[in-house]
Amino acid sequence: MRRYAIKRLAQAVGVLWAAYTVSFLVLDFLPGDPVTAMASAGMDSGTVDPAQLAALRHEYGFDKPIPVQYADYLGRAVRGDLGNSVSTGRPVSSTLADALPQTLQLTGAALLLAVLLGGGLAVVATYTSRRWLRQLLLSLPPLGVSVPTFWVGLLLVESFSFRLHWFPAFGNGGLRGLILPALTLAIPTGAQVAQVLAKSLLTALDQAYVETARAKGAGRWRVHLRHALRNASLPALTVVGLLVGQLIAGSVVVETVFSRDGLGRVTAAAVTAQDIPLVQGVVVFGALIFVLTNLLVDLVYPLLDPRIVVASGRKAVAA
């Protein structure tokens, strides 16, 4: 188990480094000059003092060669210093910390709803003995995946805010203001969970150990939940770990549609202002959340199926 955990931790560190490196290179090759945009805010860029531009480039390190910038930024990022925002001058870490609680609240609620709705739909669809009902329920996840997130958000706002007046349409209005944005994110995410879990459950129900459990007198509900669901949950658990990154990315659209404060609106403003340090900070933070979630999923795997650790150990010995 220790070797398995160390291997997964090393992979997580490698993913973080790759995310930082790719984001640095992509942002560096983007057209435009964030320093010029900041210095010429509200006036013609031709009237900006060249000496002021040079001073700003030196302050943010943009006058150094690319390899030197990369090494400098990477060294500071390892120490937790993501630099200062070009547009506001505030530390990037402080800006992210201020926006983080609202985004975590939104993505956490959306993930919980997605697991409950998607998991419940998969279990009911595979448990029912009525063929027409099973086909109807199994046709819902592809529909949920194909619907654009922004369209779902606009439809929910129109129906439950403007027509029924049940929930507020905009802002960070407590629990009532969280329901519609979380549901907007949860519908496509839960649909993907339902697709994977339903397919895994149908496969598990055809296995020999399920027939053995039935032969021993276990009831349908016990076989479904205790025997089949435990083994079928591994692929769905993998998907949940991957979908965390999708939820963070989707928060950009949802927070814009519902005018909520959070990382989504910070990201949109940073991209518009060509604020490279802030954009890179958002990318690295999103990668960190994604890596930590998948690391947690990898560590939970052996609890559901101890054979994973055994197989990993055998590969290490063979190598």
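Q: What do buried, exposed and partly exposed mean?
A: Buried means under 20% relative accessible area, exposed means over 50%, and partly exposed lies in between (1.4 Å probe, protein chains only). This is a predicted model, in which local features need pLDDT of at least 70, side-chain atom pairs count only at pLDDT 80 or more, and totals for chains, interfaces and linings use all residues. Residues are numbered from 1 along each chain as its sequence is written, and side-chain values use heavy atoms, leaving out hydrogens and water. Arg90, at 36% relative accessibility, counts as partly exposed.

Q: How many salt bridges does the whole structure hold?
A: The search finds 2. Glu158 and Arg163 also form one, with their closest N and O atoms 3.2 Å apart. Glu158 is partly exposed at 33%, while Arg163 is exposed at 59%.

Q: How many helices and strands does the chain have?
A: Both are DSSP runs, numbered from the N terminus: helices are H or I with at least four residues, strands are E with at least two. The chain has 14 helices and 0 strands.

Q: Where do the buried residues of helix H12 fall, seen down its axis?
A: An α-helix has 3.6 residues a turn, so residues three or four places apart point the same way. In H12 (residues 263-272), Leu263, Gly264, Val266, Thr267 and Ala270 are buried. They fall within an arc of 160°, so they line one face of the helix. That arc is taken over directions from the helix axis to the C-beta atoms. Gln274 follows H12, with a positive phi near 55°.

Q: Is Thr126 buried or exposed?
A: Thr126 counts as buried because its relative accessibility is 3%. Thr126 sits in helix H5 (residues 92-127). A contact means heavy atoms within 4.5 Å. Leaving aside residues up to four places away in sequence, Thr126 touches Arg134, Ala198, Leu201, Leu202, Leu205 and His224. A polar atom of the Thr126 side chain also lies 3.2 Å from the backbone oxygen of Val123.

Q: What share of the chain is buried?
A: Buried residues make up 39% of the 319 residues.

Key:
A polar contact is a pair of N or O atoms within 3.5 Å; within protein, one must be able to donate a hydrogen and the other to accept it, and residues adjacent in sequence count only if both atoms are side-chain atoms. A salt bridge is a side-chain nitrogen of Lys or Arg within 4 Å of a carboxyl oxygen of Asp or Glu.
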